[in-house]
Amino acid sequence: MLVLCFLFYMKDGADLSPPILFDVNEDQQLPKSKGSYLCSEEGMTIVRQFLEQYYSLYDSDNREPLVNAYHNDAMFSVTSAYPPGQSSTTSSKLVNYITDSRNLLRVKDSTRRQRVLYQGKMAIVACLSKLPKTQHDPHSFAVDLTLFMPQLISISVTGLFMERGLSKNQALRSFSRVFMIVPFGDGFCIVNEQLFVTNATDEQRKAAFQTQVPAVVPPPTPVVAPVAAATSPQSGLMDDQAKQQLAESFAAQSGMNVCWARKCLDETGWDFQRATFIFTELNKQGTIPAEAFIK
């Protein structure tokens with residue numbers, strides 16, 4: 001039996017109330033902590049696919065395809081600060097993030113607050129594109145799915161990444177990212193995102209990149225039919241005319257002919273965003289045959 005005692009002291013010679021004692025049962029076990037939290041097991045597949053696709057593009061040399069992941073009216077902000085005991089003179093500088101940091105405790109000017117709140121998918125991707133190129137450690141990720149509803153999904157991701165291509169001594173950063181996602185068309189898109197970046201602690205440095213990964217996270221394995229159905233619930237309800245219109249739109253965007261655009265959409269469960277992602281990856285690898293672009 002463990003006794004916790006709160007001591008009270010005399011003030012101005014007056015006796016205060018006697019100590020309050022609490023009995024704590026030593027045999028009582030607290031719940032074990034978890035690396036990640038899922039409020040719904042049904043959302044696990046969608047969350048995994050979303051993160052795989054997003055970070056495959058984010059860690060690539062070109063982040064412009066991420067424009068398809070954001071809503072037209074999406075909002076994005078980034079904040080940054082040094083961990084306790086670190087500063088710009090004693091550790092790796094965070095100037096690339098602090099320049100656009102929207103820390104409301106430090107940014108008092110309303111005009112600046114508005115300027116660093118990026119609105120619209122083009123402005124957001126332009127901001128993301130000017131941030132340093134990265135290599136994330138997927139084994140460091142802790143993912144919390146805090147809300148999973150047909151109308152709204154909330155995901156919180158924390159982990160580590162390395163800035164690449166800047167110098168021989170690549171900076172190791174810790175990040176926290178919150179995504180608010182809504183259904184859009186046959187898939188999902190981000191309507192609000194908050195990114196926080198800081199330097200990794202000594203403990204995080206020891207654990208980072210213990211499992212060897214390539215310089216750029218590879219694209220996800222093609223999703224099998226059951227998962228595609230889960231991310232494209234409306235595909236089975238689309239008639240031939242709707243599919244033809246979607247194929248023509250995808251052909252105009254990708255530069256392929258309608259036949260190949262329709263084939264790509266069909267193989268991805270008529271998920272327009274996923275078809276765009278796969279096309280972008282295969283096109284970069286040069287594996288799409290020339291006949292796909294003959295019109």
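**Figure 1. Ser56 in helix 1 of the predicted model.** Ser56 lies in helix 1, and the model shown here is a predicted one. With a relative accessibility of 3%, Ser56 counts as buried, because buried means under 20% relative accessible area. A polar atom of the Ser56 side chain lies 2.6 Å from the backbone oxygen of Glu52.

**Figure 2. Aromatic pairs around Tyr54.** The structure holds 12 aromatic pairs. In one of them, the ring centres of Tyr54 and Tyr55 are 5.4 Å apart and the planes stand at 75 degrees, so this pair is edge-to-face. Tyr54 and Tyr55 are both buried. Tyr54 also pairs with Tyr70: the centres are 6.4 Å apart and the planes are at 70 degrees, so this pair is edge-to-face. Tyr54 belongs to helix 1 (residues 44–58) and Tyr70 to strand 4 (residues 70–80), so the pair ties together parts that are 16 residues apart in sequence. Tyr54 has a relative accessible area of 2% and is buried; Tyr70 has a relative accessible area of 3% and is buried.

**Figure 3. The ring cluster and the charges over Tyr58.** A cluster linked by ring pairs is made of Phe50, Tyr54, Tyr55, Tyr58, Tyr70, Phe141, Phe161, Phe175 and Phe179. Within this view, Tyr58 has charged side chains placed over its ring. Arg63 lies over the face of Tyr58, 3.8 Å from the ring centre. The charged end of Arg177 also sits over the Tyr58 ring, at 4.5 Å from its centre.

**Figure 4. The largest nonpolar core.** This core has 38 residues. The residues with the most contacts inside it are Tyr54, Tyr55, Tyr70, Leu128, Ile155, Val157 and Phe179. At least two residues of the core come from each of helix 1, strand 4, helix 4 (121–130), strand 6 (134–148), strand 7 (153–163), strand 8 (172–184), strand 9 (187–199) and helix 9 (272–285). Helix 1 gives the most to this core, with 8 residues. A second, separate core has 14 residues, including Ala261, Ala275, Phe279 and Ile288.

**Figure 5. The surroundings of Tyr70.** Neighbours within four places in sequence are left aside in this view. Tyr70 is then in contact with Tyr54, Lys121, Ile124, Val125, Leu128, Cys189, Ile190 and Glu193. Among these, Ile124, Val125 and Leu128 are buried residues of helix 4.

Figure 6. The buried residues of helix 4 are Ile124, Val125, Cys127 and Leu128. Seen down the helix axis, they fall within an arc of 155 degrees, so they line one face of helix 4. An α-helix has 3.6 residues a turn, so residues three or four places apart point the same way. Met122 and Lys130, on the other side of helix 4, are exposed. The buried residues of helix 4 pack against helix 1, strand 4, strand 5 (118–119) and strand 8.

**Figure 7. Helix 8 and the residue that follows.** In helix 8 (residues 258–267), the buried residues are Ala261, Cys264 and Leu265. They cover an arc of only 95 degrees around the axis, which puts them on the same side of helix 8. Cys259 and Glu267 are exposed on the other side of helix 8. Gly269 follows helix 8 and has a positive phi, near 65 degrees. Ala261 is also one of the residues of the second core.

**Figure 8. Gln170 in a loop.** Gln170 is placed in the loop between strand 7 and strand 8. At 36% relative accessibility, Gln170 counts as partly exposed. Leaving aside neighbours within four places in sequence, Gln170 is in contact with Met162, Glu163, Arg164 and Gly165. Gln170 and Ser92 are 78 residues apart in sequence, while their C-alpha atoms are 9.4 Å apart in space.

**Figure 9. The whole chain, for orientation.** The protein chain has 9 helices and 9 strands. Of its 295 residues, 40% are buried. Among contacts in the protein chain with a separation of 6 or more, 63% are between residues 24 or more positions apart.

Notes:
Residues numbered from 1 in each chain as written. Predicted model: local features only at pLDDT ≥ 70, side-chain atom pairs only at ≥ 80, totals over all residues. Heavy atoms only, no water. Phe/Tyr/Trp six-rings, centres within 6.5 Å; stacked < 30°, edge-to-face > 60°. Buried < 20%, exposed > 50% of the residue type's maximum accessible area, 1.4 Å probe, protein only. Helix = DSSP H or I, 4+ residues; strand = E, 2+ residues; numbered from the N terminus. Lys NZ or Arg CZ within 6 Å of the ring centre and 35° of its normal. Arc of directions from axis to C-beta. Polar contact = N/O pair within 3.5 Å; in protein donor to acceptor, adjacent residues only side chain to side chain. Core = buried A, V, L, I, M, F, W, Y, C linked by side-chain atoms within 4.5 Å. Contact = heavy atoms within 4.5 Å.
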